Amino acid sequence: MEIASKYNPAEVEDKWYKYWLDNGFFKSKPDDREPYTIVIPPPNVTGVLHMGHMLNNTIQDILVRRARMMGKNACWVPGTDHASIATEAKVVNKLAQEGIKKTDLSREDFLKHAWEWTDKHGGIILEQLKKLGASCDWDRTAFTMDDVRSESVIDVFIDLYNKGLIYRGVRMVNWDPKALTALSDEEVVYKEVHSKLYYLRYMIEGGEGKYIVVATTRPETILGDTAVCVNPNDPRFEFLKGKKVLVPIINRAVPIIMDDYVDMEFGTGCLKVTPAHDVNDYMLGEKYNLQTIDIFNDNGTLNQHGEMYAGMDRFDVREKIEKDLLAAGLMEKVEDYDNKVGYSERTDVPIEPKLSMQWFLKMTDLAKPALDAVMNDDIKLHPAKFKNTYRHWMENVKDWCISRQLWWGHRIPAYFLPEGGYVVASTVEEALKLAQEKTGNQSLTAEDLRQDSDCLDTWFSSWLWPMSVFGNVMDKNNEELNYYYPTNDLVTGPDILFFWVARMIIAGYEYKGDMPFRNVYLTGIVRDKLGRKMSKSLGNSPDPITLMEQYGADGVRMGLMMAAPAGNDVLFDDSLCEQGRNFNNKIWNAFRLVKGWTVDETIEQPEASATAIRWFQMQLAKTIAEVDDSFSKYRLSEAMMAVYKLFWDEFSSWYLELVKPGYQQPIDKQTYNATLGFFDDLLKLLHPFMPFITEELWQATNNRNDGESIMMQQTPQLAQVDNNFLGAFEIVKEIIAGVRSVRLQKNIPNKDALTLEIVGEHDDSFNAVITKMCNLTQITRVAEKTAGAGSFLVRTTEYAVPLGSLLNVEEELAKLNEELVYLQGFRESVLKKLSNESFVGKAPAKVIEMERKKLADAESKINSLQESIAALK
């Protein structure tokens, strides 16, 4: 292969990705090898690639490529999530732009639009992942709403219902007034907002103008008040026992209830109770059998119970009722107030606590095996600090509200009967049989049944993902599932640790009696260099495709991994990608250097080259062990940096310099082959991190057959390391650095040969290396160094470079005298300070000690300079 003068990622990347696909290197089928399985966290079907996806999928690709090179049957399953709320919202917005309302369409017609949208936009993100080099088995691409996945979702719902774990009932839920659906607790994001605290007067019934004051942030909800609660131990309110107060504005009489739930120290000590619109109030309402008045329509406007405010939006009512309360003399005061308000994660509108008929899954018993698995480290979280968060969630798990008031999603397989009640079945035909059995009415027809219009929560399909990607979850004879499950590693963000990770673990133990994965690698949030979370609104999130066009996929992958320790936020900066691109260029140029050498099979291998080969073999082995250890601990960034340093610092800066032949001179065959062998190993170590450039150069190291690839090669194996030898070589590096420093200080060109004198202990076995790297004519042991020689210490041994005619005496004397004058002046300033009685008397002992050390150092350097000046004269 002809190697271009410059590395061009655009030419290389498309070529090799097509080659990998054409040769089926990403495909996996069950065989006798040990399986290594990763399932992709399915991105939203209508999503596009962002920096979080880039990080997550780079890590997955590194893991799967390494496993493939370790001889495992590596299977990375890609796919997308139908994302009920997000996708339905996009379709609704698209229709609105066309002047069509969702409410004007039948369910079937709306779903046609949703499928059209999905077919048009779905899978864009997966195509973008190919640019990154993602080595997924694309033939296995799954979609949470395709036929195979849908079958599992419905079968599991029916199974859990038949086990008595799914039930239907009226409960307080988080309601999204924009998406018009219930949300689970985990889909609510709490934000700190600047609000007002309104102090309202509730007149005491028959109290001749007396009143109590109740504080609230939501005055519009007083229309749903059915009680006021005070603490029975609060002496201020003993007189209220058995009395009623009037709800402001509407003057409806509601009872005073007494419960120690109320904190006497908080606010006014009086709590308004609105059972339909507050979780805690709902519990009080059940306890005291209070009336429940729901004042809201599903879209956040007030219904008929809102009386004079009926039809108005909740926030408009808040403004209007504030004015009305002030006008009626029922507002004590208004204060600024900061509090946390729950927002819908998907639509970013404040949620409403609302009583609603929903489907729920009982979680308490299901959660126990999943909690134990993580606490016992059967499933390991990386980093382990997230175990406490996981434990807290799982020990406080609530029943999961699994129904959503949406059309896009898996429709709940429940059918209502004409005279009340329902049956659960996968088809209307099965439902009819069950309905006839349940009612004893054989004349019932399918038309008499009405299927529930709600859909299942998106997570109810994705919690089955590690199983359903391999076929029906309920099929005990599913050979693919039995081979690939449990999967090995899951790479995801800690923000969905409960949403998705915990639920997959729960489903895995329920349906396979085993964990869904052994390790969970939790990535950090990708932030900009200022620490801000990347977002479209801030305009600080670069387009990944543009980045890859600018720096190459390998450069971007490296840039991300340089900043991405597990579980810690990633401070991303384009300069990291530039560093990654520079490393690509370094590898490319090093390869061109080696391939540019002429080989002469007749010449003997120099001693320096033989030593260099022995040394680098050990450095390589040491790094392989370090990389293996880092991977075992899921420290992928550390593994990558170990290989980066090995290539840049040891291979390029030292090894290649040691074996490089003289200008226009040939290299011996033995050294050349060893160098190509090292290159081969280095490329294999780098391949999981930088797949494209490593494939390009691996193909060029030797003549390869069509159908060969670096990705199908074995990773380099461990070898013996002599730490004493490596330690001795580090001393050699210091000696070489010392000689180079003398050249630099004395302005002696590298082409001018030197001699080296040694005073003290020295290992002669590395002299050939020192001679070559320092351009020496000889190395001699002496009892005393030559006068005027440039010298330096390595450990306890002194090394000296006689300068002789190489030195411009006048220039050197001028430089030494200038330095001497400076140091003498510095010494005088320190002496002045130490002779000042006031300073010595007041300064701390540590400061005095430091000044004395400065004085001693200055005097030592002055003596040394004076000796050098005398020798030159």
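N251 sits in the loop that links β10 (244-246) to β11 (253-258). Keep in mind that this is a predicted model.

How exposed is D348? With a relative accessible area of 45%, D348 counts as partly exposed. A positive phi also turns up at G440, the residue that follows α11.

| Residue | Where it is | Phi |
|---|---|---|
| G440 | after α11 | near 75° |

**The sheet and its surroundings**

Now for a sheet. Three strands make up an open sheet in the order β15-β23-β22, and their pairing is parallel. Which strands stand at the edges? Those are β15 (380-382) and β22 (489-492); each has a single partner strand, so one side of each lacks a neighbour in the sheet. Going from one strand to the next, the twist averages 20°.

Looking at one of the pairings, β15 is joined to β23 (residues 519-522) by three bridges, and the two run parallel. Helix α15 (residues 497-511) lies across both β22 and β23, and runs at about 170° to β22.

Two cis peptide bonds are worth a look here. One goes from H382 to P383, with omega near 0°; P383 is in the loop between β15 and α10 (387-395). Another goes from Y485 to P486, also with omega near 0°, and P486 is part of the loop between α14 (479-484) and β22.

**Helix α11 and its two faces**

Helix α11 (residues 428-439) is 12 residues long and spans 16 Å from first C-alpha to last, close to the 16 Å expected at 1.5 Å a residue. Which residues of α11 are buried? They are A431, L432, A435 and Q436. These four cover an arc of only 135° around the axis, so they end up on the same side of α11. The spacing has a simple background: an α-helix has 3.6 residues a turn, so residues three or four places apart point the same way.

What covers that buried side includes β18 (414-416) and β19 (422-424).

**A buried threonine in a loop**

Last stop: T46, found in the loop between β1 (35-39) and α2 (51-69). Is T46 buried or exposed? Its relative accessible area is 10%, and the cut-off for buried is under 20%, so T46 is buried. Setting aside neighbours within four places in sequence, T46 touches T87, K90, W117 and H121. With K90 there is also a polar contact of 3.5 Å between the side chains.

Definitions and conventions: Residues numbered from 1 in each chain as written. Predicted model: local features only at pLDDT ≥ 70, side-chain atom pairs only at ≥ 80, totals over all residues. Heavy atoms only, no water. Pairing = 2+ DSSP bridges. Axes fitted to C-alpha atoms, helices over the stretch in contact; angles between N-to-C directions. Contact = heavy atoms within 4.5 Å. Buried < 20%, exposed > 50% of the residue type's maximum accessible area, 1.4 Å probe, protein only. Expected span 1.5 Å × (residues − 1). Arc of directions from axis to C-beta. Polar contact = N/O pair within 3.5 Å; in protein donor to acceptor, adjacent residues only side chain to side chain.
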